[in-house]
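Please look over the sequence and the model shown here.

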Amino acid sequence: MSKIWEHITNKAPLAPTSDDAYMRTALGLARRGLGNVWPNPAVGCIIVKDNIVLGRGWTQPGGRPHAETVALSRAGEDARGATAYVTLEPCSHHGKTPPCAEALIEAGITRVVIALEDPDPRVSGRGIKMLKDAGIEIILNVCREEALEVNEGFFLKVLKERPMFTMKMATTLDGKIAVHTGESEWITEAPTRQQGHLLRANHDAIMVGIGTATEDNPKLTCRLAGLEDHSPVRIVIDRRMRLPLTHHLVTEAHRIPTWMFTLGDQDDIRAEAYQEAGMELIVPPHSNNEGGITLDWVASELGKRGLTRVLVEGGSHLCAAMMRRKLVDRLAWMRAPRLMGHDGIPVVQAFGVDHLEDTPFFDRNGLFGSGDDLVELYRRRDLDLS
């Protein structure tokens with residue numbers, strides 16, 4: 001397991017047969033779906049009887065089959081009389097798959113332990129009621145906070161109509177991302193860059209501004225052995241269509257979904273070239289009259305498209321703009337033991353803070369060494385998921 005996830009999820013040891021221990025096993029399974037199940041939540045499920053795990057499952061790529069269906073199919077007839085541990089309330093509605101609550105009832109499950117109630121209004125409370133009405137014992141809120149952290153992006157999509165944004169920062173100790181000439185490869189060491197690629201695999205999309213895109217010509221793909229097919233959607237904010245047609249984001253757009261947020265009124269021929277290369281152009285309504293692209297609209301549009309987790313990889317102006325709009329939910333800060341001084345390029349440009357109380361505040365929930373580098377993980381303190 002990546003150290004990123006070890007430091008987020010490891011808690012004090014528990015008795016191997018406790019509800020908490022089994023739920024944490026299910027949460028470990030749920031994390032396997034992060035980055036490839038959107039717009040669905042990443043759910044884990046295990047079926048247990050007489051302290052023996054009979055079946056386990058997690059949400060499969062594309063969001064189906066669901067975790068409960070997979071676990072029940074593996075348990076088979078032995079599931080009758082067993083306990084199901086599920087990291088999110090089983091669904092109760094007919095969608096692309098039958099209701100998971102119904103499947104648990106038909107399998108003869110007698111006890112269901114649930115970490116979180118589903119915020120989706122199609123499900124919220126209904127799956128629990130269906131199970132209770134069938135005479136099944138329900139235990140709620142086991143490892144609730146850990147489960148909420150796994151599906152924070154899904155909750156934000158449902159409740160706030162936008163995805164969770166993680167800001168990835170690779171800097172010197174004094175917070176610089178490049179020397180004044182623009183040179184930045186490589187500030188951090190190879191093991192730390194591998195941690196960054198794993199973050200890409202665990203998110204639905206990667207977003208950059210046009211400055212970073214043109215200066216670095218990044219591929220924005222996951223290049224870890226065995227995870228090459230986990231490369232997420234690539235997103236660039238390019239109001240004026242400055243992205244060169246020879247750029248990696250353009251030339252590989254037929255292979256990897258690539259979206260450009262643009263005003264769309266610059267050059268019809270250039271726009272057609274992007275589209276022929278496989279890029280999708282996303283244009284705000286009435287852009288000429290409303291004066292451009294706002295990050296609030298971008299966040300809303302990404303939520304409408306089903307994204308739950310977006311990794312932001314710069315640049316410093318995009319970071320500042322997102323901080324200003326309070327759109328940064330997590331930080332993955334990777335620091336190299338170097339100093340650049342005042343003339344280095346800062347990871348975040350000025351974003352209008354006049355008082356200390358106006359600064360975004362984050363709680364640290366992970367810290368570990370990576371070679372000579374240091375990786376710090378943070379979660380925004382005032383994030384409201386109610």
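Helices (H or I, at least four residues) and strands (E, at least two) are DSSP runs, numbered from the N terminus. Another cis peptide bond runs from Trp38 to Pro39, with omega near 10 degrees; Pro39 sits in the loop between H2 and E1.

The model is predicted: local features need pLDDT of at least 70, side-chain atom pairs count only at pLDDT 80 or more, and totals for chains, interfaces and linings use all residues. Residues are numbered from 1 along each chain as its sequence is written, and side-chain values use heavy atoms, with hydrogens and water left out.

Two residues have a positive phi without being glycine. Asn141, with a phi of about 65 degrees, belongs to the loop between strand E5 (137–139) and helix H6 (144–150). Lys326, with a phi of about 55 degrees, belongs to the loop between H14 and E13. For exposure, buried means under 20% relative accessible area, exposed over 50%, and partly exposed in between (1.4 Å probe, protein chains only). Asn141 is partly exposed because its relative accessibility is 46%, and Lys326 is exposed because its value is 56%.

How many salt bridges does the count come to? A salt bridge here is a side-chain nitrogen of Lys or Arg within 4 Å of a carboxyl oxygen of Asp or Glu, and by this rule there are 20. One of them joins Arg111 and Asp19, with the closest N and O atoms 2.7 Å apart. This pair links distant parts of the chain, 92 residues apart: Arg111 is in strand E4 (residues 111–114) and Asp19 in helix H2 (residues 19–30). Arg111 counts as buried because its relative accessibility is 18%.

A further salt bridge connects Arg162 to Asp329, at 2.9 Å between the closest N and O atoms. Arg162 lies in the loop between helix H7 (152–160) and strand E6 (164–172), and Asp329 in the loop between helix H14 (316–324) and strand E13 (330–336), so the pair ties together parts that are 167 residues apart in sequence. Both ends are buried: Arg162 has a relative accessibility of 10%, and Asp329 has a relative accessible area of 0%.

Glu280 pairs with Arg305, the closest N and O atoms being 2.7 Å apart. Here Glu280 is in strand E11 (residues 280–282) and Arg305 in the loop between helix H13 (295–304) and strand E12 (309–312), 25 residues apart. Glu280 is partly exposed at 33%, and Arg305 is partly exposed at 27%. Through shared partners, salt bridges join Arg162, Asp329, Arg380 and Asp382 into one network.

Asn51 is in the loop between strand E1 (44–49) and strand E2 (52–58). Asn51 is exposed because its relative accessible area is 52%.

What of the cysteines? With a disulfide taken as a pair of cysteine sulfur atoms within 2.5 Å, the structure holds zero disulfides. Cys222 is buried because its relative accessibility is 2%, and Cys319 is buried at 2%.
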